[in-house]
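Welcome! Here is a short tour of a protein model, meant to be read with the structure open beside you. Take your time and look up each part as you go.

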There are 2 protein chains.
Amino acid sequence: MTFPVVGMVGGGQLARMTHEAGIPLGIRFKLLSDTPQDSAAQVVSDVVIGDYRDLATLRAFARGCDVITFDHEHVPVEHLRALEADGIPVRPGPAALVHAQDKGVMRARLGELGVPCPRNRIVADPADVTAFAAEGDGYPVILKTVRGGYDGKGVWVVRTEAEAAPPFAAGVPVLAEEKVDFVRELAANVVRSPHGQAVAYPVVESTQVDGVCDTVVAPAPGLGETLAGEAQRLALRIAAELGVVGHLAVELFETADGRVLVNELAMRPHNSGHWTQDGAVTSQFANHVRAVLDLPLGDPRPRARWTVMCNVLGGDYPDMYQAYLHCMARDPQLKIHMYGKDVKPGRKVGHVNTYGDDLAEVTERARHAADYLRGTITE
Amino acid sequence: MTFPVVGMVGGGQLARMTHEAGIPLGIRFKLLSDTPQDSAAQVVSDVVIGDYRDLATLRAFARGCDVITFDHEHVPVEHLRALEADGIPVRPGPAALVHAQDKGVMRARLGELGVPCPRNRIVADPADVTAFAAEGDGYPVILKTVRGGYDGKGVWVVRTEAEAAPPFAAGVPVLAEEKVDFVRELAANVVRSPHGQAVAYPVVESTQVDGVCDTVVAPAPGLGETLAGEAQRLALRIAAELGVVGHLAVELFETADGRVLVNELAMRPHNSGHWTQDGAVTSQFANHVRAVLDLPLGDPRPRARWTVMCNVLGGDYPDMYQAYLHCMARDPQLKIHMYGKDVKPGRKVGHVNTYGDDLAEVTERARHAADYLRGTITE
């Protein structure tokens with residue numbers, strides 16, 4: 001059978017889990033990976049080892065792919081435009097992806113669209129940060145380099161003009177944002193096809209620790225239907241206006257006065273959607289594949305009343321196998337997802353999903369497994 | 001992380017789906033496949049192409065594997081004993097596997113254990129078949145070569161002594177069995193670990209067409225708790241007595257007078273367990289991997305009231321992609337599993353799973369998709 005070939009740029013865990021989801025779909029999967037040891041390269045048949053920053057490498061990889069998609073957002077947009085000019089569908093395409101690569105471009109566009117965001121503008125130097133602060137409620141202010149940040153990197157909370165110097169050191173434009181007094185963080189995840197079909201997953205609550213996603217609860221507990229619907233419509237509108245194809249994660253702040261503000265965008269499967277592997281009819285990974293191939297999308301509805309995801313971070317055990325065995329024995333319903341990565345302190349090496357009717361019990365099970373695998377607890 | 005390596009002998013769809021289930025477990029998967037085009041070889045990173053009938057090939061493959069398991073039951077038991085003598089865990093081991101390879105050995109052992117089976121004995125020639133018939137209710141009689149049969153191959157229904165000649169042509173011992181007047185076929189599937197932990201899946205109803213599995217309904221509709229429990233206990237007892245490690249499928253006849261008789265055994269993931277991928281907390285493939293690694297087993301309970309699996313057989317479409325697209329559009333909850341195999345008439349090239357609360361509706365959805373993919377229906 002001549003099922004299409006999906007070319008995935010990047011060999012991380014998102015590529016690994018996308019391959020897993022693509023196997024039952026019968027599609028062919030081709031991977032461009034930095035090293036043969038990368039998380040996805042361990043489990044994919046057709047792997048090219050090479051540097052995604054090199055256009056010749058990308059072009060050679062793209063030959064024989066029916067569509068190109070991504071494990072990360074770091075491929076230079078000029079390379080993506082070159083692939084498009086070669087006639088290779090790139091999904092999401094550069095015109096969309098630039099909004100996930102450059103926070104300045106993203107803020108400017110969302111501002112034009114009237115999407116609620118934290119107050120923000122590009123700042124020129126520390127004195128300009130003080131001016132930005134004075135335009136609102138003063139310090140503290142959030143500073144972000146417009147490119148290159150993730151998982152808390154490239155983000156600073158500054159309380160004085162003196163503290164505002166380091167973000168400017170890299171020579172990358174710096175975006176200032178008001179520090180939002182949020183009650184919690186949410187994520188509205190949607191998937192959109194080239195022909196415009198779109199599905200919205202339930203809005204989830206996401207908890208970060210040290211800037212890294214720690215726990216996701218689906219659906220967000222106590223979120224009213226009105227605000228949930230508003231968040232979903234916002235994400236669908238952003239996906240359509242920006243021409244996103246594939247999975248779009250819209251990270252949101254929920255404010256004390258019952259509004260949502262857009263924090264970040266990610267145009268790929270996202271940590272806030274890992275719960276869908278075991279908690280939704282169709283996972284974010286399966287729907288991402290379906291979207292980039294312009295196949296009809298799968299049902300995004302939840303299969304359980306509550307699903308909780310906790311990330312497993314590297315901790316005290318260089319080898320987690322014994323802890324993993326313990327967790328399986330303790331909870332036969334636990335869904336463990338390991339990425340095949342070497343353990344380094346704080347590195348995301350896997351996640352666990354639990355689901356059920358009782359949120360406290362479901363949360364405790366996921367929390368326990370993640371903490372036990374990390375070595376934070378031993379019983 | 002030093003997670004173990006599972007060596008899988010055979011590159012068919014069972015190996016493909018076992019790899020899929022092993023990815024989240026973080027285990028390493030190594031495949032011995034006849035050709036690079038085999039279903040599993042398309043999706044696995046570490047593939048050795050070679051002939052499983054050759055001991056030197058098997059030995060070379062087994063080096064670097066922590067355990068060997070199987071996509072099929074055709075590896076000669078003397079080779080498996082040689083691997084065990086080399087110190088490689090083989091699961092299921094040859095002492096168990098011989099019962100799935102040789103129907104004569106299986107019937108003799110089940111007889112010793114007092115397991116209810118159709119009346120049977122090895123027959124010497126057509127005249128002996130007539131004698132066997134006369135010992136019971138006469139013709140028709142089922143004849144099976146003791147080795148080499150599957151999916152209806154190696155099985156004959158004979159009505160006269162003249163018809164009884166062909167099975168003897170191959171020079172393989174022939175087993176005669178009474179033709180059971182069953183009301184339906186069931187399967188009791190269990191998974192067992194080396195240390196003796198075992199789990200039982202709900203007993204399912206299986207419908208064969210032309211000797212090939214067509215539809216599986218989980219759980220078997222209208223099956224009383226008593227008979228269901230009896231079937232599960234029977235399967236657990238067979239697994240323990242025969243020393244099975246991994247997934248064991250016990251195919252059963254349900255008789256009009258409310259008994260179950262053992263038809264066949266399969267010691268690997270089995271077509272009657274494909275529903276577990278979308279319908280159970282832990283799939284048969286994930287539990288097979290957990291069992292062969294002696295990891296604690298996952299919960300076998302169903303996630304939906306009803307799950308229906310229909311096989312997709314090759315039919316009118318050499319390329320099913322357009323039909324597949326149609327099926328996704330018609331039913332966003334449909335779970336399609338394609339094997340990446342070339343379409344040949346009657347060949348198993350995939351299956352679909354559906355689940356829900358209304359058995360008629362769930363069955364119609366699976367039936368429609370399987371028939372549409374095959375080309376039997378066009379709307």
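Across which strands of chain B does helix α1 (residues 13-25) of chain B lie? In this predicted model, helix α1 of chain B lies across β1 and β2 (28-33) of chain B. Relative to β2(B), the helix runs at about 170 degrees. Let's look at the sheet, then at a pair of helices, and finally at the cavities.

**The sheet in chain B**

- Four strands of chain B make up an open sheet, and their order is β3-β2-β1-β4.
- The pairing in this sheet is parallel.
- β3 (46-49) and β4 (67-70) of chain B are the edge strands; each has a single partner strand, so one side of each is left without a neighbour in the sheet.
- From one strand to the next, the twist averages 25 degrees.
- Strand β1 (residues 5-9) of chain B and β4(B) run parallel and are joined by four bridges.

- Helix α4 (residues 94-101) and helix α5 (residues 103-112), both of chain B, pack at an angle of about 105 degrees, and their axes are 5 Å apart.
- That angle makes α4(B) roughly perpendicular to α5(B).
- On the α4(B) side, the contact involves B:Val98, B:His99 and B:Gln101.
- These residues meet B:Lys103, B:Val105, B:Met106 and B:Arg109 in α5(B).
- By type, the residues of this contact are three nonpolar, two polar and two charged.

**The largest cavity**

- The structure has three cavities of 30 Å³ or more, and the largest cavity holds about 890 Å³ of space.
- Its lining is made of 44 residues, and those nearest the centre are A:Glu20, A:Gln277, A:Asp278, B:Glu20 and B:Gln277.
- Elements from chain A and chain B each give two or more residues to this lining, among them α1 (13-25) of chain A and α1 of chain B.
- The lining of the largest cavity divides into 23 nonpolar, 11 polar and 10 charged residues.

**The second largest cavity**

- The second largest cavity has a volume of about 40 Å³.
- Residues that line this cavity include A:Cys327, A:Arg330 and A:His368.
- α10 (321-330) and α11 (359-374) of chain A each provide at least two lining residues, and the largest share, three residues, comes from α11(A).
- This lining divides into three nonpolar, one polar and three charged residues.

Key
Residues numbered from 1 in each chain as written. Chains lettered and ligands numbered in written order. Predicted model: local features only at pLDDT ≥ 70, side-chain atom pairs only at ≥ 80, totals over all residues. Heavy atoms only, no water. Axes fitted to C-alpha atoms, helices over the stretch in contact; angles between N-to-C directions. Parallel < 35°, antiparallel > 145°, perpendicular 65-115°, else oblique. Contact = heavy atoms within 4.5 Å. Nonpolar A, V, L, I, M, F, W, Y, C, P; charged D, E, K, R; others polar. Pairing = 2+ DSSP bridges. 1 Å grid on protein atoms, 1.4 Å probe; cavity = no way out; pocket = protein on both sides within 12 Å on 5 of 7 lines; lining within 4 Å. Points joined across faces, edges and corners; volume = space filled by probe spheres on them.
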